[in-house]
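Please go through the model below with this report at hand.

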Amino acid sequence: MTGIAPAAFLDPALLSGISDLPLLARTVVDGFLHGLHRSVRIGTSVDFAEHRPYQPGDDLRRIDWRVYGRTDRFYLKTYEADTNADILFVLDSSGSMDFASGTLTKFDYGRFLVASLAWMAQRQGDRVGLVLATDDIVEWVPPSTRHLNLLLHTLSHCKATGEGQLPRVLEKVTQLRGRSGMVVLVSDCYEDPDALRRAVGSLRTRGHDVVVFHLSDPAEVELPYDAPGTFEDAETGVRLPLKPEELRTRYRDMVVEHRRALAEKMAAANVDYQLVSTDAPLDGALRSYLDRRLMGTKVR
Amino acid sequence: MPFSFLVPAFLAAMAALAIPIVMHLRQRDKQRPLRFPSLMFLRRIAIETSHRRRVTDWPLLLLRALAVVLAVLAFARPVIQKRGSAVASAGNRVVVLALDRSMSMSHAEVWPAAMDSARAVIRDLSAGDRVAVIAFDDDAVVMQPLTADHATALAALGTIEVGSRGTRFAAALRAARQQLAAANLHSAEVVVVSDLQRSGTGGLSDLALPPGIAVRGIVVAPTSLANSAISGMTVERLGGGAAGRIAVTAEVTSRALPEMRRATASLMVNNRPAGSRQVELPANGVRSVAFDPVALPPGEARVTVSLDPDLLVADDHFNAVVPAEATQKILVVAPADLSAASTLFAERALEIGTDPSFRLERRNAAALDAKTLASAALVLFLDAAPPTSDAFTAWIRSGHGAIVVAGPRMAASRTVMPLLPATMAGEVDRLADRGGTLGDIAMEHPIFTPFRGGGSGVLLGARFIRYARMTADTGSEVLARFDDGAPALIERRLDAGRILLSAIPLDTRGGDFPLQPAYLPFIRRLALHTAGYEPQPLWRTTGEGWRPALSVSELVIATPDGALVRPDTNGVRGAISLDAGGFYQAYQARAAGEPVASVAANPPPRESDLTASPASELLLGVREDASELTATELLPLAEVEQRQRLWRFLLLIVLVALVAESWLGSQGWRGRASATRSELSSTGMAT
C-alpha cells in the first residue's frame, strides 16, 4: 500500500477491485485524510471561545472566577466544542442504481461512498445509521456509535432492485428521526425535483442537516448508443423501442434541465447538493461532506 | 427460354417472404433489451409509430428476402423449356400432314382431291420447313418422320393408298403429337386432309394436345353425299348334307340419294354367280334383298353380294364366309336297364337342332377311351356316373365337356364321384305339393341366354315331382336352384373343360319339363355351352384381328390383295390385321388347294355415311394438355437433369446471400451496437 499514492485510493476503478468494504472505507478515509491541510480542526478537544456576562439561570459552575477577581463582575466562559452527532445515510437501492457504463455501478459507488463517510464519521465520534431505500425503507440501521460494523455488513449484502420513491422514504425517515442530526442522501435522483425538495424540506424543518449526493453515470447523460434497440427501464421493466441517435440531443437537454432544477430546489431548501459522477474519484464527495459536517457541528 | 416449375405448389411458400420482413420490423423487440436506469426522460419524448415500424436496414432486409425467394424457387424445381426452340430459332414451320385413307376416301371424287391437297400442303412449304406425313384410318402410320426434304415427303405421300378401314381422327392427332414430342417440338401445325366424316370423331375427347399445336382441317368431301351400300347380310341354311342350300338376304342402305334408284344386286358363291335381283333403293333407307336359295357347296362357301357400283365402290360389295355345316358328336351314356322313355326326350331334342347339328351315339361308360372321346364334343350321362379314368379326365381338361343328369340311381348312390361338383343326398319327392319349380336362376349364364328378357317365365312354368337332392361342393357354381333351395344345375370347370351336373329331370318321370316349350332351347343351349361351341361370324370388320383357330403349323394367309402373310402361330402375335375388304384364306404350308380356314372382311357400315363435320369442329372435345411434359418425359435422363439443375444454382445463391447477410450484419453501426451490448453484458449490468 505504501507504494501507491494516497489519492489513488480514491479512484473508483481501483476501488472496484476491493471486495472488503471496511477495508475499502478505511483505505479511502486514510488516503483522504492524509492529503488534508493540518489547520482543519477535527477531534473531540474542548477549546475556549469567549466570555459572556452572567445572566440569571446560568450554571454557576461555568462562572470564570478569575475574571470576577479582576473585574468584580460575573462572566461565564464559553467553549468551542465538537458534539457527537447522528449521521443517517440514506442510500437509494432502487433498480436504477444498478447501472454502469464503466466498471462501477452507481450502487457500488454509492456503497463505497457511504462506507467511507461512515468510517470517517465514526472516527469523529458520530453515531452512524443507514437506510436502504427503494419505494420504502428496505433496511434500517439506527444511528449508533457501535453500528458501523453493522452498517458496513448491511452495505455489503444489499442489492439494488425494484422501483424507487425517495420522497416517500424521506417522509418516513422524517417521522422516525426525533433527534436532529445529519441526513446524507445518496441517490441518482430520478425524482421530481419539487417532490424531492418537499421531502428534504421536511427534514430541514426538523433541524436535520441534509446532504444530497446525486450519483450519475456518464452514459446517463451522453446516451452514447447508436443502434436502434429496445430500452428497458431498470426499475419498472417498461420497454421502449428507440433510435437513440435521433433522441440524443433532446434527451441531453432534458437531463441538464433536470439537474439544474434539482440544484435550484436543493439550494432553496438549504440543502447541500453534490453531483457525483461515477467515473470521478471519491474525494470530492468526501470533502463536500466534511465541509458540511464542520459547519454544522459547531455548537456553543 | 421459358421455364416452368415441376412442383409449382411450392411457390405458395413464397408467403414466407413475410417472415424476414416481420422479423426485421420486430427485431428490436426480440433483441435482448438494453437496460437503462430510467426511461423517465425518454418516455417524455414523443415516439412516432412510423419510426418504430420503419425498415431500418434495407440491405439486410433485401438479402434475407432474396434468400427466402431463391430457396422457394429452388424447391419449386424450375425446369427450362426449350419448346418451340427449333421453330423460333430457325424461323421455319413444322407441319405434320395427316392424310385420311379410310374407305370413304375411295370415293371417286375424293381421293384424287385429297392427294392434290396433300401435295399442295407440302409444296407450299418454304425451304427449311419440316414436314411429316402420316396416313390414317382407324389407325395411324407414320409414312415419313419430320424432314426438311420435301421431295422425300412427297414420295412418301405417293405411296399412300386408300384402304377399307374406318376413320378415327384421334389416331391421327395422337400420332402427330408423338411425332412432335419425339422431336421436342411443342409448336407446330397439324394439317388433316380428310372428308371429315362425322363418324370418325370418336375418341377425340380422350385426346389432349399441347397449346402450341394448331390443327387445320382440309375438307375434301364429295359434291354429293349420295351413296348406296350393302350394310349387312344374313345367310340361312336350308337343309343339311349334300342337299343343303342357303338363302342369302342382303341389306342395302341408301343415303342422300336424289331420287329412288334402281339397281341390280348380284350374288356370287365361291366366285361363281349365284343369282341377281333388281332392287329399287329409296333415297334414304334400308332395303332387304333376298336371293333365291342356292345349293351349298361342300366345305366353306365364300358369298359375295354386289350392287351396281356408284362413286363409292368399296361399299358396294359385301362378303361373307358360310362355314361348312358343323356337326357335333354327343356320346350318350345311360344304364342298360334305363327305359327308352327316359332318354327319348333328351335325345330327340338334341337331334332336332341345326347349325350345328348334333349326332348322338350310345356308349358304355367303360368304353370311353381316348380314341372314342377324341371325336366327341360332349358326353351326356343320363343317370349314370362319369368314369374316373385318366383318359376321360384328361379329355375334359383339354376343353371338352360332360353333362351328368342325376336320376334316381345316382341319387341313391353312396359312392364317391370325384369329378362331380356335388355330392348326392337322396331324392326329393314333391308329389305332395304338386311338384316344385325352379326358383333361383343365374340368368346371366350363357345357358339361359334364350330366356332373358322375360323368357324366364317359360322356365318357371315347369313342375318337378322328383329330383335328386345335391349338395354343391366348394369351387363349383350353382346355376339354378329349385324353389326349395336345392341345387338344380351345378357347373364345375376343370381347366379348359367343364362338367355340368343337373338335378333337373329330362324325362317325364320326374316332371313335365319335357313337355314345356322351354325344354328344347334349354337342352340345346346346355349342350352347346358344355361342348364349348362358339359359332363363327359370317364376316368381320376391317381393322379387326384374325387368328385362325387352327393348330396348323406353317400357316400361310392369302390377303384379298394377293399378298401372302405367314403369321407367328405361337402367341397372340399370330393374329393378322384385316386391313382390306375381301376374303382372307389360310392355307397350310403353301397357298394352294383348298384353304383350311377363311374369313370375310367388310368395311364398317358407318364408313358409308359420307356426312361430314365442319373443319372447325375437328377439335371439339380435344383437351389442352396443360402439363406439356410429354416431351420432357421423352427426353433422355441426362437432358432432363440438365434442364432441372437450376435449383442447384439457386441454392448456391441462397448460401452466398446468407453469408453476405452475416457479413453485412457485423458491419457499421450493427457491429458497434453488438460491441456495446456485449460490453455491457460483460459487466453484468445490461441484461
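Two residues are in contact if their C-beta atoms, placed from the backbone, lie within 7 Å. On that basis, residues 24 or more positions apart account for 75% of the contacts in chain A with a separation of 6 or more. The model is predicted.

## Chain A

Chain A has 300 residues, and 43% of them count as buried. Its secondary structure comes to 10 helices and 11 strands.

Start with a hairpin. Strand β4(A) covers residues 127–133, and strand β5(A) covers residues 137–144. The two pair in the antiparallel sense, over five bridges. Three residues link β4(A) to β5(A) in this hairpin.

Next comes a helix pair. Two packed helices are described by the angle between their axes and the distance between the axes. Helix α6(A) spans residues 166–176 and helix α7(A) spans residues 193–205. Their axes come within 9 Å and cross at roughly 10°. The cut-off for roughly parallel is an angle under 35 degrees, so α6(A) is roughly parallel to α7(A).

Which residues make this contact? From α6(A) they are Leu166(A), Pro167(A), Leu170(A), Glu171(A) and Thr174(A). From α7(A) they are Ala195(A), Leu196(A), Arg198(A), Ala199(A), Val200(A), Ser202(A) and Leu203(A). By class, the contact of α6(A) with α7(A) holds eight nonpolar, two polar and two charged residues.

## A sheet across both chains

Strands of a sheet pair through backbone hydrogen bonds, either parallel or antiparallel. One open sheet of three strands draws on chains A and B, in the order β9(A)-β8(A)-β2(B). Its pairing is mixed. The edge strands are β9(A), at 239–242, and β2(B), at 34–36; each pairs on one side only. Neighbouring strands are turned by 35° against each other on average, direction ignored.

How many bridges join β8(A) to β2(B)? There are three, and the strands run parallel. Strand β8(A) covers residues 229–233. Among the bridges, Asp233(A) is partnered by Phe36(B) in β2(B).

## Chain B

A further open sheet lies in chain B. Five strands form it, in the order β28-β34-β33-β30-β31, and the pairing is mixed. Its edge strands are β28(B), at 540–541, and β31(B), at 564–565; each pairs on one side only. Strand β30(B), residues 555–558, pairs with β31(B) in the antiparallel sense over two bridges. Ala558(B) has Leu564(B) of β31(B) as a bridge partner.

| Strand pair | Sense | Bridges | A bridge pair |
|---|---|---|---|
| β8(A) and β2(B) | parallel | three | Asp233(A) and Phe36(B) |
| β30(B) and β31(B) | antiparallel | two | Ala558(B) and Leu564(B) |

Now the loops. Leu368(B) lies between β19(B), at 357–363, and α9(B), at 370–374. Is Leu368(B) buried or exposed? It counts as buried, because it has 22 C-beta neighbours inside 10 Å; the cut-off is 20 or more. Beyond its neighbours within four places in sequence, Leu368(B) is in contact with Arg363(B), Leu373(B), Val379(B), Pro387(B) and Phe392(B). Phe392(B) is 24 residues away along the chain, yet its C-alpha atom is 6.9 Å from that of Leu368(B).

Asn271(B) has a positive phi of about 65°, although it is not a glycine. Its loop runs between β12(B), at 261–269, and β13(B), at 272–281. Asn271(B) counts as exposed because it has 9 C-beta neighbours inside 10 Å.

Asp495(B) also is not a glycine and has a positive phi, of about 55°. Asp495(B) sits in the loop between β26(B), at 487–494, and β27(B), at 497–502. With 11 C-beta neighbours inside 10 Å, Asp495(B) counts as exposed.

How values were computed:
Residues are numbered from 1 along each chain as its sequence is written. Chains are lettered from A and ligands numbered from 1 in the order in which they are written. This is a predicted model: local features need pLDDT of at least 70, side-chain atom pairs count only at pLDDT 80 or more; totals for chains, interfaces and linings use all residues. Two strands pair if DSSP finds at least two bridges between them. Helices (H or I, at least four residues) and strands (E, at least two) are DSSP runs, numbered from the N terminus. Axes are lines fitted to C-alpha atoms, for helices over the stretch in contact, and angles run from 0 to 180 degrees between N-to-C directions. Angles under 35 degrees count as roughly parallel, over 145 as roughly antiparallel, 65 to 115 as roughly perpendicular and the rest as oblique. Ala, Val, Leu, Ile, Met, Phe, Trp, Tyr, Cys and Pro count as nonpolar, Asp, Glu, Lys and Arg as charged, and the others, Gly among them, as polar. A residue is buried if 20 or more other C-beta atoms lie within 10 Å of its own, exposed if 12 or fewer, and partly exposed in between; C-beta atoms are placed from the backbone.
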